[in-house]
Amino acid sequence: MAQVILKNIKKVYPHHESKKKKKGAEDKQLSLQVTDEGVVAVQAFDLDIQDKEFIVLVGPSGCGKSTTLRMVAGLEDISGGDLYIDGQRVNDVAPKDRDIAMVFQNYALYPHMSVRENMAFPLKLRKVAKDEINRRVEQAAEILGITQYLDRKPKALSGGQRQRVAIGRAIVREPKVLLMDEPLSNLDAKLRNQMRAELIKLRQRINTTFIYVTHDQTEAMTLGDRIVIMKDGVIQQIGTPQQVFDHPANLFVAGFIGMPQMNLFDAQLVCEDGQYAVKLDRVQVVLSDAKQENLSRKQVKPGPIILGVRPEHLQLTGEAEQMLHGTVEVSEMMGSAVHVHLHAYNRDTILIVPTDKPENPVSFPYGSKVCFTFNGSTAHLFDPDTQKNLEL
Amino acid sequence: MKKLFASFLALTTAVSLTACGGGDSQTAQSGDDGQGETLNLILRAGTYADVIKECLPAFEEEHNVKCEVQELSESDLYSGIALDAINADGSYDLCMVDGSWMAEFTENGVLANLSELGYSLDDDIIPATTSICYVDDDVYLAPYYGNVTVMMFNKANVEAAGYDASSIESLDDILEICQKAQADGKKGFIYRGDGQNNLVVDFLPILLSYGGWVVDENNQPTVNTEEFKNAMNYYLELIATGEAQVKDDLIASIDTGAGTMGVGWPGWYTPTADSTADYIALKGTATDSSEAYNANVYGIWTIGIPANSQNKELATELLTYLMDPAVQKSTVASGGVPCRYSSLQDPEILKTYPQYEVVCQALESGVYRPVIAEWTQFYTTLGTEMDNIINGVKTVDQGLADAQSQLEELMAG
Amino acid sequence: MRRNKQLSNADVQTRRFGLSMISPTIVVLLIMTAYPLLFTLFYSFTDYNLLRNLRQPAEFIALKNYTDLLTDPYFQQSIWNTVKFTILAVIFEMLIGFAVALFVNSLRRGQKAMRTLLLLPYLLPTVTVALSWRMMLSPNYGIVNQVLQTLGLPVFNWFSDIKTAFGMLVLIDVWQSAPFVFLLLYAALQSVPQSQYEAARIDGASRIKILFYVTIPNIKNSLALCALLRTIDSFRLFDKVNLLTGGGPANSTSTITQYLYNYGISSLDFGFGSAGAIVMTILVLILSSVYIKRAIQ
């Protein structure tokens, strides 16, 4: 059983310490809490990771995801809270005794050792028998497709190959938890997509608990069983990819998950005849039954709200008075669809128009007027003050 | 455009380099205008240069010249004179020369012939000190500072051994004193072990007392003789009572009483009535009953004029002035040791500096180091072998045999 | 056709420009390095003596200087002394410098201050260092002997005792040069990626294993460079030997340069000295050829 429980984990960097910190943490745009003790990088982090679950920690630079990962690894001291691996409290246990393995962003391979020696190193240190070492190394190499590189040195390998070696070095240990710190960030875009697919395949062959850190929401969505979205050291939402996509807990999550970003409008929530509806300009849309239930259960009062509609959910309509409208700024031809950037209601809005429907126009000249609308099941409602989702 | 600039740079660099080298005609330009000439002196640093410097102001005023003095260590002085000797126009007008360099310098024409310039040595100078000043009948050097080896000792330690300055007769006495001091927990005999020259020079008085010498009358090496071996064996016994130290430490040791005796030079130490140390001239006897030899080695500092000096007439006047009996006597107060009877036997002077009687005796019966052009290589070779013997790397027989064969080769070639 | 001509013109121009840019350097090298070297080589085949040359010109004696030199047991001893000294000095300097670099690198605070302080011995002029140590080790008023005496430990006549003179030279040179090693290796240590250390920690390596499997392999090049530079420098040791022991006692501290100074320079036998200089140059070239070959590759 390799359950990982993080209970109220906190990380504070004391003021006088000027140790070498990771580059991301010194971002000046951070609005991390600063107390008397120091800068609070991570706070109130609660997460129960099930055995063999693939958890992704995702968020912008400096949100504390890597710090959390490093605390699980034991590379950073835990300032407050408890960490349990497999039922045992490991706050003060050294990294090598936690039965974890880690894959680093810059691979951290030992440059003077061959691939085989790199992968065998952790096993050699644990005094594993020689043939067992060979067996595991060769098995891992076969899984990762690097058998032909076993006798090469890291400098003779490409980035993607090095990354696989790093993963190999981690999996030969057969650890309880496999930690990955932005492993794909150093690869070029095409390779990244390829490796993502490989990781999903790998997951099927290696059955262990994964904790994966990334800033890329696509990776998070495709890889994770559950995603943990973080900002400024605080967890914003925990859920499956579908959950966070369909029901973002706040504006930040709504804007972070989904590509292109969700469109936001200043609208009104009205209640007529016991039915909640969203009013924006001349358009008033009655919300779906599910949403009605959620809103009435929470006794949400009508008033100003922030309306969020994903670009793929905005519907292009013909020119009509009772539709929403905006002026075209940019139009991007993506092949199967056109991404139209509008300026509407003082906001930048993106509309996705599929090109395979003959009734849809394909050219959107600058300055031309476009009309669109939304429907009641794909509208997301957020409180303008708390920024939280009104339904949750 | 860039090419032009690059070639200009290259040219400038080359030209600037050539400008660095042209030193020949630049040095002694000063003084040709007759007004305020400059004389350049190159001297041995220490008392030797200090006493000369004191005499200069009067000369400068009378002759309207400026005297620039360079003070150097012994080896630097030697190379300073030698290196300048190869220039057509010399930088120096008066140089201080150690007697042992004289052969090499005169053989190679480094010094100007003082007789031709009108200088001659008078009778007041102690005759024994003038032998190295002549080549045939011409004078090349004037004996300025009467440096001669003396035996320094610490008064208290010597008294504790039951002796005083006048009762130290033979080398055996010296050994006894040093052994007693060692038994008392102090160091006995201190010698200079740094460098071949010092090793040899400190040993020569001992060698002389045993009737030995480094060369015979034909300047062939005699380091393998019975007398040399006896002297060497004695010396080993003597230095076993003490240790090797550099000059400054040696003087300090004897002064403080940490050490007892050592070979020294008058210029190192000026004894007074209440100083803790004093010096005597060696009597030249090995044991109480053996023959007495001349055992004090000269280290006389002479002055001469480089052959390539550009101011020979003025330099000769300076030399004459410095060697003047009255001027020399005036240097005694600051530690000068003239080679003149008029200075060393003057009753006034003896009242304040009684040890000058000792020095005068030593100067009268002193021995020069061999006057051979190869002296530098000679003492280097001999000193190296003595070093080996002293440090136990070779036995006395082996070391001296090696020295003899090497020196024979040297003197033959 | 015209195009080709233009291209070749540009080519020639570039080459000419390159040549003219390095011509100042070539001039300097020729005058400052090549010329003296050839001069020295020429004189090594003669019996040139500075003063004797005034009356008698130097004679060509072919290889006699070299045979005299190489058959002289004192020269052979000085080569052995130099090799002994170089090996000992480099080993100690590397060990101490490396240890100090590791220590300073692991400090949380005050790294800059330590760095400056530790570098001081290297910045001092050699003569100052030699004379200061001579004073401290003086048998009369030296502080070292005084401290040893109060502690009841044996005292020595450090520079005149054949047992200790060599060791003292090694000590003083190591004292002065270990900071250089420290600085070079400290800089190299800073460039070791932190993540490799972390990976090793997670893999289960102890501190010693991390030292041998992560730290040292990553700074291998700097270690080699350091060793080479110190070897070349130690080989040419002169000023400390000359100031402190003059080559004695009994030739036990005489390095090659000290030997040449005694027999070639102070006796003004420049022909002989030149031969020694050539021999020494060849030895140093052999020492550094290994590294140069690797660097060219």
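Student: What makes strand 18 and strand 19 of chain A a pair, and over how many bridges?

Tutor: Two strands pair if DSSP finds at least two bridges between them. Strand 18 (residues 337-344) and strand 19 of chain A have 8 bridges, in the antiparallel sense, so they meet that definition. One of these links sets A:His343 against its bridge partner in strand 19, A:Asp348. Before we go on, this is a predicted model, where local features need pLDDT of at least 70 and side-chain atom pairs count only at pLDDT 80 or more, while totals for chains, interfaces and linings use all residues; side-chain values use heavy atoms, with hydrogens and water left out. Residues are numbered from 1 along each chain as its sequence is written, chains are lettered from A and ligands numbered from 1 in the order in which they are written.

Student: What is called a strand here, and how many helices and strands does chain A have?

Tutor: Helices (H or I, at least four residues) and strands (E, at least two) are DSSP runs, numbered from the N terminus. On that basis chain A has 9 helices and 21 strands.

Student: Why are strand 16 and strand 19 of chain A called edge strands?

Tutor: The open sheet has 5 strands in the order 16-20-17-18-19, with antiparallel pairing. Strand 16 (315-317) and strand 19 (347-354) each have a single partner strand, so one side of each has no neighbour in the sheet. From one strand to the next, the twist averages 50°; for such angles, axes are lines fitted to C-alpha atoms (for helices over the stretch in contact), and angles run from 0 to 180 degrees between N-to-C directions.

Student: What makes strand 12 and strand 13 of chain A a hairpin?

Tutor: They pair antiparallel over 5 bridges, and 2 residues lie between them. In the turn, A:Asp273 has a positive phi of about 55°. Across the pair, A:Val270 stands opposite A:Ala277 in strand 13. Strand 12 (residues 263-272) is also joined to strand 15 (residues 303-309) by 7 antiparallel bridges, with A:Asn263 partnered by A:Val309.

Student: How do you know whether B:Ile126 is buried or exposed?

Tutor: Buried means under 20% relative accessible area, exposed over 50%, and partly exposed in between (1.4 Å probe, protein chains only). B:Ile126 has 0%, so the residue is buried. It lies in the loop between helix 4 (102-107) and strand 4 (134-135) of chain B. Its contacts (heavy atoms within 4.5 Å) include B:Tyr341, B:Leu344 and B:Leu363, not counting residues up to four places away in sequence.

Student: How do you know what span helix 8 of chain B should have?

Tutor: The expected span of a helix is 1.5 Å times one less than its number of residues. For the 14 residues of helix 8 (residues 226-239) that gives 20 Å, and the end C-alpha atoms are 20 Å apart, so the two agree.

Student: What puts the buried residues of helix 8 of chain B on the same side?

Tutor: The buried residues include B:Phe228, B:Met232, B:Tyr235 and B:Ile239. Among the elements they pack against are helix 6 (171-183) and helix 16 (396-412) of chain B.

Student: Which chains share the most contacts?

Tutor: Of the 2 pairs of chains in contact, chains B and C do. Chain A and chain B do not touch, with their nearest C-alpha atoms 41 Å apart.

Student: How confident is the predictor in chain C?

Tutor: On the pLDDT scale (the predictor's confidence in each residue, from 0 to 100), chain C averages 87, and 97% of its residues score at least 70. The model as a whole scores ipTM 0.80 and pTM 0.78.
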